[in-house]
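Dear colleague,

Please find below the structure that I am handing over to you. My notes on what was found in it follow.

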Amino acid sequence: MRFITRARAVGALGIVVSLVLMLAVNANLSTKLAEQRAAGSAKAPSSVWGYVSQLYIPEPKTPPGTPPVATIPLPTLGTVFFICVLLIAAGAFLIARNPERRGIGGYVSALIGFTFFVLLIWAVAGDRVDLADTLSRVVRVSTPLGLGALAGLVCERSGVVNIGIEGMMLTGACFGYIAALVVGNWFDAAGQAPVWFGVLIAVLTGGIMAALHALLSIRFKIDQIISGTVINIMAVGLTGYLRSNFIIKYDSPVKKPLNDLPIPGLSDIPLLGPVLFNHKPITYMMLLLVLIMHVLLFRTVWGLRTRAIGEHPKAADTVGIKVNRMRFWNVVIGGFLAGLAGAWFALEVTFRFDDLMTNGQGFIALAAMIFGKWTPLGAYGGALLFSSANALQLKVQNYDFALAPQFLQMLPYVVTIIVLAGVIGKARPPAAVGEPYDH
Amino acid sequence: MNNVIPALEVRDITKRFPGVLANDHISFTLLPGEIHAFLGENGAGKSTLMNILYGLYAPDEGQIFINGEAVTIRNPSDAIARGLGMVHQEYALVDTLTVTENIILGTELQKNLLIDRKRAHQEVERLSQEYGLIVPPDSLVGDLPVGVQQRVEILKALYRRVNMLILDEPTAVLTPQEADDLFRVMRELADQGKSIIFITHKLREVLAVADRITVLRRGKVVGSANPHESTERSLAAMMVGREVVLQVEKGPAHPGEVVLEVEGLAALDDRGVQVLNDVSLEVRAGEVLGIAGVQGNGQTELVQAITGLQPASHGKVRLKGQDITALEPRQITAKGVAYIPEDRKGTGLVLDYTIAENMVLSTYYKPPFTQGLTLKEEAISEHADELIETFDVRTPSQLTAAGSLSGGNQQKIIVAREFSRDNVLLIASQPTRGIDVGSIEFIHKSIIAQRDAGVAVLLVSAELDEVLSLADRVAVMYHGSIVATLPAAEATRERVGLLMAGVQQEETTNG
Amino acid sequence: MADPHDAKDHRDPDQHPQDVVEQPAAPSDPTVPATKGVLRSIRWGELLVPILAIFTAILVGAVIVFLSAPAEKGSRLHVTWEAFKGLFIGAFGNWAEPSTIPNALSGTLVESTPYILAGLAVALGFKAGLFNIGAEGQLLIGALTAVSIGVWLPGWIGVESLPAIIHLPLAVLGGFVGGGLWGAIPGYLRAKTGAHEVITTIMLNYIALRLIDYMIVSGPMKDPAGSAPRTPFVQGPAILPQFVGVVRDPSLTGGNTYQPLIATTSSTWDLRVHAGLLIALLAVVFVWWLLNRTPKGFEIKTVGANPQAARYAGMSIVSTTVLTMTLSGGLAGLAGAGQVLGLEHNMKSVFSGGLGFDSIAIALLAKSNPIAIIPAALFWGALRQGAGAMQIRSGISINLINIIQALVIIFVAADQIVRWIYRIRREQGGQMVFTRGWGK
Amino acid sequence: MFQKRFVALLMLLVLALPVLAACGGADATSTPESSNTGATEPTKAAEPTAAPTEAAAAPTEATEPTAEATAEATSEPSTGGNASDLRIGLVTDVGKVTDGTFNQYAYEGLKRAEKELGVKVDFIETVNPADYEKNIDQFASQGYDLVIGVGFLMGDAIKASAAKYPDINFAIVDSTYEETIPNVKGLVFSEDQAAFIVGALAASMSKTGQIGVVGGVEIPPVQKYVMGYEAGAKYVNPDIKVAKVYVPSFTDPAQGAEAAKNQIAEGADVIFGAGGQTGSGGIQSAADEGVYVLGVDQDEYYTTFKGGPAPKLLSSALKRVDNAVFDTIKELVDGKFQGGQYLGTAANGGVDYAPFHDTESEVPADVKAKLDEIKKGLADGTIETGVKLP
């Protein structure tokens with residue numbers, strides 16, 4: 001047996017990360033304490049161990065400052081040490097037992113999750129953080145990733161690689177925004193209706209870009225990755241051109257994005273309410289679509305056939321399934337989803353369109369899809385991983401955090417690489433993905 | 001016979017591919033309840049004809065009648081709708097779906113927009129009972145043995161209520177016993193009024209099961225025969241167009257020192273499943289050890305583990321006493337191991353490369369092909385010309401892409417390349433699969449010539465006949481282990497067949 | 001289904017069963033051209049298609065300009081004419097005024113230089129079946145290491161300055177090594193763990209961006225002399241000199257003297273084109289030689305064409321993949337090094353901006369042929385060089401260039417479209433395979 | 001079957017064309033209106049500074065002959081000339097001349113000069129930071145009389161070009177040089193002063209004692225905004241908590257919005273967006289959440305909020321790039337162009353804060369008075385922002 005195995009590498013990685021975290025937090029808090037003492041701050045605790053990170057859960061829908069429903073005080077250093085010692089112990093166990101596969105994935109997930117958590121409470125040492133807001137942000141930011149991952153999944157499950165999701169999102173955002181502006185102007189309507197029309201157009205635009213991808217890769221059998229790259233380059237040029245030649249000069253009464261849509265009753269539950277039931281429409285749609293897609297893929301005729309054509313197109317062809325036609329439409333459906341993700345940027349978060357405003361989320365979505373092993377629920381898990389890293393880095397910057405923000409911003413990318421490198425177990429893509437079908 | 005309307009009638013079907021006349025005015029009839037065998041060499045046009053019937057190719061000329069009615073079959077669904085089912089040589093099954101899902105794919109039952117899994121399950125159970133085709137409905141197809149997968153394929157056709165079934169080389173991956181079981185099922189189906197087209201190149205099987213035989217050669221029907229009035233020899237002559245020597249001529253072996261020694265070898269496949277358990281064997285200089293066994297019983301992994309293409313999880317491989325277990329393929333090759341891989345196009349050749357380039361695929365880095373830092377084209381070119389001449393590769397030029405040659409000539413490139421080195425061990429895996437008879441003869445002779453020159457030969461073949469006719473000793477693999485090793489004289493078809501099916505006999509032990 | 005453009009008019013042995021393959025080879029069978037000589041490695045007939053693709057893309061671009069021409073610059077036709085005239089003048093100079101020509105041509109060459117190198121990087125990856133989307137990140141890291149050596153190396157070893165003969169090669173090499181290591185990571189991951197390079201290189205691009213952001217905006221590499229988020233200027237001996245140029249006042253370059261190869265005082269002949277172009281051309285020759293004349297190149301191509309056969313033939317997929325990605329990253333790193341050592345002389349926190357992505361297009365346009373990279377890069381460079389003059393003359397958004405570029409890639413990648421429009425028959429030999437799918 | 005689909009798709013591909021055609025058309029017909037709402041209004045809005053420049057613009061014709069005479073007499077780099085013969089080139093930072101950032105402001109100054117001074121103007125939009133020098137060269141090599149670069153990052157490129165073309169004048173927005181270059185004028189601004197004022201406004205309007213700022217890429221102008229904001233807020237309320245976020249992009253409004261919402265959730269009730277489109281996205285979404293917001297660079301009432309209604313936009317920290325650009329061109333026309341530095345401060349109206357617009361009634365009079373006082377104090381030097389870049 002080889003000495004260095006996956007389990008041992010992962011265990012060693014965990015121990016190193018935990019040790020580094022412990023030392024860093026300890027050193028950082030000591031410095032902080034010294035500084036506070038030097039400045040004679042009244043807030044300085046008696047020792048490093050005296051720093052407390054407070055997590056609080058506010059009463060839903062009350063202005064900031066209202067007394068919270070609950071406050072969880074965590075001694076910063078104590079909690080960090082406790083978690084890190086646990087992680088080190090588990091890492092040592094992995095090294096000693098050296099399992100073939102079992103437990104490795106769980107350990108890596110725990111390592112990532114706890115690292116995020118440690119960073120959070122480290123950042124808020126001596127301060128407090130709104131837990132409900134942190135979690136609801138994670139859900140909100142996961143919207144384009146979740147939708148993008150579903151888009152990728154529908155394509156790849158049917159055998160077409162789609163790295164053009166980014167471009168589809170961008171074009172969707174651009175045309176959706178234009179549609180909302182134009183319709184608002186024509187009918188002189190400033191309300192939500194033009195914005196909803198924009199969402200519809202965004203979805204359709206995503207579909208049209210996807211149809212181009214499908215055309216190039218299915219009909220003309222261009223390498224699917226190249227075809228996706230073409231979509232991305234095209235999207236940048238087209239949307240940039242439209243923005244400078246049209247959007248900026250166009251005046252419209254529509255100015256607001258989609259409204260908040262708190263679900264009556266449910267949104268009043270502390271913690272759960274803000275996290276799940278107080279969002280804007282596209283976020284709900286995303287959450288529902290993840291569930292629906294899971295059912296569609298594994299329980300319906302469409303799903304069965306989709307899985308078949310991505311795995312063994314010839315088998316599907318011989319029982320009369322029109323492989324290329326179905327692939328075409330699945331790619332288009334993927335485009336619809338990507339277009340909806342685009343609408344999130346331009347019509348839900350803000351009401352505006354900027355060049356390159358999707359900022360690479362389409363690529364991250366693909367990573368989330370691979371992370372989730374091509375299943376909708378798994379892919380959404382991946383999306384949550386990225387969105388929590390993102391939410392975390394936004395959150396902790398406000399606390400004058402010791403670590404340069406660039407390093408926190410790197411975190412999701414590093415995690416993706418680690419995950420792709422197979423530490424959680426090898427992800428097996430649909431067998432026929434990337435291969436044009438030609439009977 | 002004239003009063004029965006044929007279930008299927010084909011008239012003057014012609015299909016051309018660029019430069020090739022694949023089917024040349026083929027006509028035949030298929031009667032209800034009949035097993036009609038199509039016999040022909042590889043490349044005789046059988047598969048093209050069947051693909052036309054099944055709507056995968058459009059014929060250039062000719063007509064098809066089903067139950068007396070002229071039809072055009074545009075695609076497989078047309079074919080299925082007209083009651084025509086087909087089991088391909090390579091199964092059209094999705095490994096990651098369950099048996100039931102595979103069977104209902106394309107004609108699913110729905111309830112409330114979802115697949116009605118319960119009813120589908122019942123239906124599969126019912127069919128499986130009715131025709132004696134036992135399958136586990138909820139297992140993933142990828143986890144099943146090939147024999148069971150074939151039953152799934154047949155069930156798939158039956159589920160679609162076909163009354164004509166095309167079986168394309170169905171026995172290629174079966175043990176003789178499994179094949180006999182299949183013949184029983186075919187009989188049963190025929191008795192229930194289903195018509196079966198049975199495609200094969202194995203004479204014995206045709207005689208065993210067919211009601212009628214049509215022989216194809218070079219895209220044409222060269223004759224029909226009645227199994228009761230035919231012999232293997234007469235059919236073979238018809239099939240090949242000349243009297244063929246079915247037996248390979250070879251003298252007795254003169255085994256020398258042990259060249260290859262495998263001890264307790266085990267390996268995992270890419271999914272991490274152990275597919276090779278504790279295999280031990282030895283091959284001596286000047287003998288052919290034939291490995292018989294149904295495809296997928298660990299032969300591939302055994303060969304890959306020996307040649308260094310796949311790491312062994314346990315065990316040792318020694319070449320002339322030297323441990324080569326952990327060596328890289330290149331180091332193993334350099335020690336005098338020649339290897340004809342089973343997958344000619346996927347592994348043995350780079351199809352886009354020229355013949356000359358393919359001829360130096362494993363020696364390009366050595367002098368005279370490389371001197372200093374650069375490749376020497378003159379040396380590569382001379383080498384190619386020489387081998388083309390010696391091994392009778394039929395090609396317009398050494399600069400022709402390997403992919404545009406016939407299978408037999410492609411295989412000759414591999415043989416030429418591998419035999420042109422100084423070898424102590426030759427591993428030949430399925431060396432004659434899918435090539436023409438002329439090339440088969442040539443390659444068989446070359447292997448025996450190597451043996452006689454003192455090379456140890458490990459021959460792996462799914463064609464039992466090939467193993468029996470070439471090998472001096474026969475080892476049988478089953479479920480990743482060698483279940484028996486027999487001298488050629490004791491290796492009868494029946495005995496080996498039983499071993500291949502996993503039926504243990506008293507004298508056999510593991511290894 | 002009987003489509004006249006169906007790709008089945010050439011023989012594809014894997015599609016048909018053995019039946020077809022069995023027949024003797026027809027005399028018209030494709031013969032792969034002998035890899036003898038530079039010129040013979042280009043299929044001249046195939047050149048027509050990219051040229052027509054470019055032509056078509058520009059034509060579509062013209063239609064877009066015509067339709068969206070801003071009114072203030074005159075009639076639509078006039079604007080369209082002016083736009084393309086501007087594009088030409090910007091890239092090749094105003095031939096009515098010969099004094100503008102050297103500067104314009106020099107600009108085009110300057111623009112093309114990084115494209116040649118980065119395009120080669122991607123093309124080399126394609127040859128081994130690897131899709132290096134990470135040229136961008138490798139370029140950034142290459143620039144970062146090159147600039148570090150260019151600025152600080154003498155300080156690290158405790159001398160005032162080094163002679164150019166040592167300093168410059170080390171700085172260039174630094175760029176190569178930096179980019180190479182950044183490329184080796186996805187190469188290694190691909191070979192060892194199967195993590196697909198498309199995703200890992202995209203991730204590494206982002207990591208490189210963040211890393212540079214940190215290093216230059218607030219981190220250790222920021223120029224202590226100014227508040228600008230950029231590194232100090234590289235030392236004089238470490239620059240890739242201009243071929244012909246004016247010696248600048250050292251106050252413009254952080255106190256360093258930058259000596260051009262031929263000094264002049266005429267601003268007409270103060271040309272920005274620098275010795276990085278030579279590196280790029282040398283790299284082309286090197287890659288061509290590597291791929292066509294060496295056993296390593298044979299391995300790279302074999303791994304790309306058929307990894308299984310390569311492995312069977314005793315080639316190491318792992319080392320070939322890592323080597324290819326390292327070389328590919330190194331070439332991209334050289335592109336970055338050329339930009340900082342030859343052109344900008346320092347590195348800013350915002351750098352490159354899509355050079356790495358454009359290089360994919362260059363590689364496609366050149367069909368991964370190292371020699372053809374040069375005209376492809378020149379075309380791209382000319383487009384970029386001409387864009388400014390186009391906008392001055394016509395007021396058309398520079399994004400039009402992006403659209404034209406995307407169309408060029410579409411038409412080149414999907415050459416069936418071009419063939420269909422112009423009724424050109426496909427040459428024998430089939431479609432080129434660029435990459436392998438996710439899982440293989 | 002695919003043939004048809006292909007044709008259909010090609011048609012969809014050019015689906016954009018009607019829209020494009022529409023933009024061309026829109027340009028022809030509706031430019032005056034749209035420029036009314038977006039472009040020229042800010043000038044009107046900030047009347048204190050706009051008025052003097054307009055006054056100064058009037059006697060242009062009168063000064064022309066003089067300028068010409070000077071030009072003939074001396075060969076100073078600051079050549080004046082017949083205004084209609086003067087060619088001015090503008091190179092934007094990465095972005096567009098209509099993107100609502102300082103690029104647009106610079107462009108507006110340029111357009112005003114075209115209209116009022118009769119000079120010929122052209123522009124190039126930079127798409128890639130590597131293109132600065134190339135784009136500058138496009139103008140300089142064709143002998144333009146003045147080349148204006150926009151953006152801090154273009155500093156080195158302008159400096160190099162100025163050395164290469166000593167006969168051509170240059171100006172650069174947001175950057176300056178320690179030593180004076182005779183043919184370069186650096187147009188810089190005390191962003192910290194503008195931010196100081198709005199910071200004070202934010203602190204005065206905050207009820208929770210917490211405010212936030214969403215910055216873009218961490219470069220000096222942005223850092224000055226962020227620090228000035230904090231300083232101004234602390235000037236009014238030393239205990240105020242200022243949450244600061246830098247988003248590593250100027251074009252990520254979604255991230256900007258999240259950053260703003262984040263600060264709101266932690267209690268901030270005034271948000272300052274200081275990072276191009278990222279910041280604009282932030283204040284747009286913050287305004288939707290119902291907290292007060294502050295714009296940057298231009299009066300975002302006209303850009304981000306498209307002329308209102310903007311019931312939550314308190315003001316914007318103004319940086320009058322347009323005036324600086326216009327004045328520089330005017331100096332050239334007048335033959336008075338000189339190398340050196342222009343520093344826009346509260347004293348010379350180079351930085352300022354925008355009118356309250358729709359929140360006019362909500363800002364208490366004493367706060368307004370306080371802001372005036374602070375502005376005066378900054379102008380006469382009695383108040384210092386204390387912002388020093390590291």
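How many residues of chain C are in contact with chain A? In this predicted model, 52 residues of chain C are in contact with 49 residues of chain A, contact meaning heavy atoms within 4.5 Å. Chain C and chain A bury about 4,300 Å² between them, 73% of it on carbon and sulfur atoms; buried area is the accessible area (1.4 Å probe) that two parts lose on being put together, summed over both. Across this interface there are 0 salt bridges, a salt bridge being a side-chain nitrogen of Lys or Arg within 4 Å of a carboxyl oxygen of Asp or Glu.

Chain A also meets chain D, through 60 residues of chain A and 55 residues of chain D. About 4,800 Å² is buried between chain D and chain A, with 56% of it on carbon and sulfur atoms. The count of salt bridges here is 5. A:D127 forms a salt bridge with D:K241, and their closest N and O atoms are 3.5 Å apart.

As to conventions, residues are numbered from 1 along each chain as its sequence is written, and chains are lettered from A and ligands numbered from 1 in the order in which they are written. Local features need pLDDT of at least 70, side-chain atom pairs count only at pLDDT 80 or more, totals for chains, interfaces and linings use all residues, and side-chain values use heavy atoms, with hydrogens and water left out.

With kind regards
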